[in-house]
Amino acid sequence: MLTTSLFIYHLNKHVLSDQQINALCRGNWLYLFCNLPFRAMNEESSSLINSDTVAFGESTFNRQCAKKTTNVAFLKVHKAGSTTVMNIFLRFAESNSLNVMLPVPDNYLGFDQTINLNNILPPPKHQTYNILCHHVIYNRSVFRQYMPRDTVFIAIVRDPVTQIISAAQFFDLFIDLRKKLGKIPGQRLMTTFLQNPDICTKAEQKFVKTRMCLDFGIPREDLTSKDKIMSHLEILNDDFSLVMVMEKFDESLVLLKRYLCWDMKDIVYVPLNILSRQRDEKVVIEGQDLDNLKKYNWPDFILYEYFKSNFEKRISEEGNDFNDEVKTYKQILSQVGRYCKNKTKTMEGIQIDKTRWNSDFFISNRECAFITKHELVLLEQLRWKYKQKLRQMNS
């Protein structure tokens, strides 16, 4: 068996190919050393910082991080908590003067397609993009065409049951159904739709049927075969260093922090898109409705269970102190959330004390405004600032 020290040595010397690394990492706790911040180290950048002690059962080892990962592609899956995660990446980019791939004129880098050159602002002359985090269909070769070689790929998934409820309300499926069926309660609308989805056109079903599979770039024609879906998932599992799970949102972000060698401040958030529209209808999917949903959207259930299982395995291998870090993180989020949502602030910001898991840090009122800003408002401001940067750097 390859020892940890020898494995790290091979990574630093680029002796192992990506295929060899993936083969060694799969099903092995060595995956902790397999994310791209470690693969990207060379003799000039091999100094190790941001050291955390991580427990494994009764023993511990010192996880040592290279410098913070700054090249990240985040797949913004529809209605999976991805707007909140996107805000985290945008704030990190802003704090570290990184180049973000920004869409024009809307919030899609490619609507129902992969990156469209006509839909993005170019990077500054002689520079590359660092962060990709807006809506787009994943395409392995195209993403690598635009992003640096050492880019870390991250995504998120959500339980298809709650995802379809959220999507149906957010993308106006219930409005479409009421035009056909009359003013009946949302629960009956959902039951009727799941009994007979063909009551809606394909365009009306765009955001509720196999949306996660499509966002991950699995071709529609392959969504009729479980074997083909599983083949795609195995490739995606190699491509993505981490696929987060919305139902374990805070755990996902702590794992993200560890993988990317970030600080606790980098991952603080206030939930976005929650109640951004008036949603007073409670819809529950269970019993026959659940059976019908599993028949209707079975490819997304396969994808979700696949990545959820992988995620749970990774959490179990993180060690006994992982839950302690998550607990600390939740406490910090509570402090930041209370302060940032307070509209009558009397201070310049909030100071967060040092813990085992973080240095002390300060969240300013300006950062609070960034954290809580609506996606489209924030995007417009970032576009304006980025265009100013392009004019200055390209002149």
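## Labels and their grounds

Guide: The side chain of Lys 257 makes a polar contact with the side chain of Glu 325, at 2.7 Å. Bear in mind that this is a predicted model.

Visitor: What makes the pair Lys 257 and Glu 325 a polar contact?

Guide: The side chains come to 2.7 Å. The cut-off for such a pair of N or O atoms is 3.5 Å, so the contact counts.

Visitor: Where is Lys 257, and is the residue buried or exposed?

Guide: Lys 257 is found in helix α11, residues 249-260. Its relative accessible area is 4%, and buried means under 20%, so Lys 257 is buried.

Visitor: Which word describes how α4 is directed relative to α11, and why?

Guide: Helix α4, residues 82-95, packs with α11 at an angle of about 30 degrees, and the axes are 12 Å apart. Angles under 35 degrees count as roughly parallel, so α4 is roughly parallel to α11. The crossing of the two helices, α4 and α11, is right-handed.

Visitor: Which residues of α4 and α11 meet?

Guide: From α4 come Thr 84, Val 85, Ile 88 and Phe 89; from α11 come Phe 249, Leu 253, Leu 256 and Leu 260. By class, the contact of α4 with α11 has seven nonpolar residues, one polar and no charged ones.

Visitor: Why is Gln 163 called buried?

Guide: The relative accessible area of Gln 163 is 0%. The limit for buried is under 20%, so the label applies to Gln 163. This residue sits in helix α6, residues 160-170.

Visitor: What does the side chain of Gln 163 reach?

Guide: The side chain of Gln 163 reaches the backbone oxygen of His 78 at 3.0 Å. Leaving aside neighbours within four places in sequence, Gln 163 is in contact with His 78, Lys 79, Arg 158, Arg 211 and Met 212.

Visitor: How do you know whether Leu 177 is buried or exposed?

Guide: Leu 177, in helix α7 (residues 173-181), has a relative accessible area of 0%. Since buried means under 20%, Leu 177 is buried.

Visitor: Which residues is Leu 177 in contact with, leaving aside its neighbours within four places in sequence?

Guide: Leu 177 is in contact with Gly 182, Leu 189, Phe 193, Ile 199 and Cys 200. Leu 177 and Ile 199 are 22 residues apart in sequence, and their C-alpha atoms are 8.1 Å apart in space.

Note on methods: Residues are numbered from 1 along each chain as its sequence is written. This is a predicted model: local features need pLDDT of at least 70, side-chain atom pairs count only at pLDDT 80 or more; totals for chains, interfaces and linings use all residues. Side-chain values use heavy atoms; hydrogens and water are left out. Helices (H or I, at least four residues) and strands (E, at least two) are DSSP runs, numbered from the N terminus. Buried means under 20% relative accessible area, exposed over 50%, partly exposed in between (1.4 Å probe, protein chains only). A polar contact is a pair of N or O atoms within 3.5 Å; within protein, one must be able to donate a hydrogen and the other to accept it, and residues adjacent in sequence count only if both atoms are side-chain atoms. Axes are lines fitted to C-alpha atoms, for helices over the stretch in contact, and angles run from 0 to 180 degrees between N-to-C directions. Angles under 35 degrees count as roughly parallel, over 145 as roughly antiparallel, 65 to 115 as roughly perpendicular and the rest as oblique. A crossing is left-handed if the near helix is turned anticlockwise from the far one by less than a right angle, and right-handed if clockwise. Contact means heavy atoms within 4.5 Å. Ala, Val, Leu, Ile, Met, Phe, Trp, Tyr, Cys and Pro count as nonpolar, Asp, Glu, Lys and Arg as charged, and the others, Gly among them, as polar.
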